[in-house]
Structures are given as structure tokens and as C-alpha cells.
Amino acid sequence: MDFPGLPARLAQVRDSIARAQRRGGWTHDVRIVAVTKSFGPEAVRAAIAAGLTAIGENRVQEAIAKQDVLGDVAAEWHLIGSLQRNKVRHAAGRFALIHSVDRPDLARELDRRSLGGRPQRILVQVNCSAEPQKGGVEPGELASLLDEIRSLNRLALAGLMTMAEFTDDESVQRAAFAQLRSLRDKGVRDGHTLPELSIGMSGDYPVAVEEGATMVRLGTVLFGGRLA
């Protein structure tokens, strides 16, 4: 099979997640989103064969190309990268979950394009690292965005997402993840349903799990280094 080391790596990741949950005192399930960006369809097939069903892609067009090739594969597709408004017409209805809604105009366009069938499930991305180059709504503007989304009938808000600063400093990682959890808790008190916390990538997922992640987005730790 392609990626022959994947089952062993996945077993190590699952063990690491279990240990991190014990440290954090959590008992809920943590879902692994296998990030296959820059890899070909064979990475998706390998992930499914290893028992992973959630597949994460950063770019709409790359994801759609793989979906068209892999029509026989029962994958649950997640869009984890930023979504430009002019790509919404291609994305709506093609993903089980869009992780990166971060502004009212994008939410409204997704609502407009999500015609028929089930509402489009989304997460709101929050910029908890205070990095200007990062996507995400500012924490102070989250409440108004959540209220805006609640008024849109064809969107189903499922939770929040963030990315920590790219650093080995666990205290910096933890601060971003803890802030998102705190914002989630406030949103729940305000009447929103926010079961999902999509936090943690290959370099910081144990800290994210300790802080209450329900989803971790993992690529390198599963598949190895990215292709050029």
C-alpha cells in the first residue's frame, strides 16, 4: 500500500491523544482530520484504509479534483484552509464541514449558495494568536459574528477553530487554545450550540488535546514531509 508507515504512525498518534486527554481530564472523543494537502489521491486512499474517514484539504480546487477522482471512496471532506468569497460557489455543498468561516460577508455568501439538501456545517475561525497574517475573526468580534450566523437558515454552526502561533513554546500554544475554549464556553452561555473545537496540528496537537480539542488536523505526523 502507499504510505506503509501510516498505520504505525496513526497508532502512535492515538496513544498520544489518549495520554493527553488523561492529563487534561477529558473523556470525549477526539476526531483526527487527515490533512492530505499537496499529496495525491493515494494519500486519501491510505487514510481511509487505515481507518480515518475525515479528510482535510486547504484549497477548494485541489479538494474538488481529488473528490472527482475518488468518487468510489467514502471520505468525509473538510475544508480547513481559508475560503475566499469568490470560491464559495464551488465549495458550498462539497464539504461536510468548513472550518474557516471568519467574517459576515463570507457567511452570508455561503448561506446564499447552500441551496437544497442539508444546511452547510461550518466552524468559525478565530485569530487567537494575534498574528496579523492569520485568518480568523478577532476575539472581540466573535459574538456579533455568531449572532449573524444564527440568523442564516442554511448554515449549521458546529463550533470554533483556531491555529496557534508556529512555535515550540507550549505556553504560547496553550494560551491560544485555552482562549478559544473560553470563547466557546461564553458562546454556549449566550445560547449558541458549539460542540466542536478544531485545534491542534502536527506540531502542537498534544497541547490542543489537553486543552479540550474535539478535532485535530494532522498531516505531517501521519504522512511525513510535504511534497514540493
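**The interior and its charged pairs**

Tutor: Ala-43 is buried, its relative accessible area being 0% (buried means under 20% relative accessible area, exposed over 50%, and partly exposed in between, with a 1.4 Å probe and protein chains only). The model is a predicted one, in which local features need pLDDT of at least 70 and side-chain atom pairs count only at pLDDT 80 or more, while totals for chains, interfaces and linings use all residues. Residues are numbered from 1 along each chain as its sequence is written, and side-chain values use heavy atoms, with hydrogens and water left out.

Ala-43 belongs to helix α2, residues 41-49 (helices, H or I of at least four residues, and strands, E of at least two, are DSSP runs numbered from the N terminus). When neighbours within four places in sequence are set aside, Ala-43 is in contact with Phe-3, Thr-36 and Phe-223 (contact means heavy atoms within 4.5 Å). Ile-55 lies 12 residues from Ala-43 along the chain, and a distance of 9.6 Å separates their C-alpha atoms.

In soluble globular proteins, nonpolar side chains tend to be buried together. Here the largest nonpolar core comprises 64 residues, and Val-124 and Leu-222 have the most contacts inside it (such a core is a set of buried Ala, Val, Leu, Ile, Met, Phe, Trp, Tyr and Cys residues joined through side-chain atoms within 4.5 Å). The element that gives the most to this core is helix α1, residues 6-24, with five residues. Apart from neighbours within four places in sequence, Leu-222 touches Leu-6, Arg-9, Leu-10, Val-13, Ile-32, Ala-34 and Leu-52, all by the contact criterion. A second core is separate and has seven residues, among them Val-33, Ala-54, Leu-123 and Met-161.

Charged pairs complete the picture. The structure holds 21 salt bridges (each a side-chain nitrogen of Lys or Arg within 4 Å of a carboxyl oxygen of Asp or Glu). One of them joins Glu-57 to Lys-66, with the closest N and O atoms 2.6 Å apart; both of these residues are buried.

Another salt bridge pairs Glu-109 with Arg-85, with 3.8 Å between the closest N and O atoms. This pair links distant parts of the chain, 24 residues apart: Glu-109 is in helix α5 (residues 104-113), and Arg-85 is in the loop between β3 (76-79) and α4 (88-91). Glu-109 is buried, with a relative accessible area of 8%, whereas Arg-85, with 45%, is partly exposed.

Because Glu-148 lies in helix α6 (residues 142-150) and Arg-108 in helix α5, the pair ties together parts that are 40 residues apart in sequence. Both partners count as partly exposed: Glu-148 has a relative accessibility of 24%, and Arg-108 has 39%.
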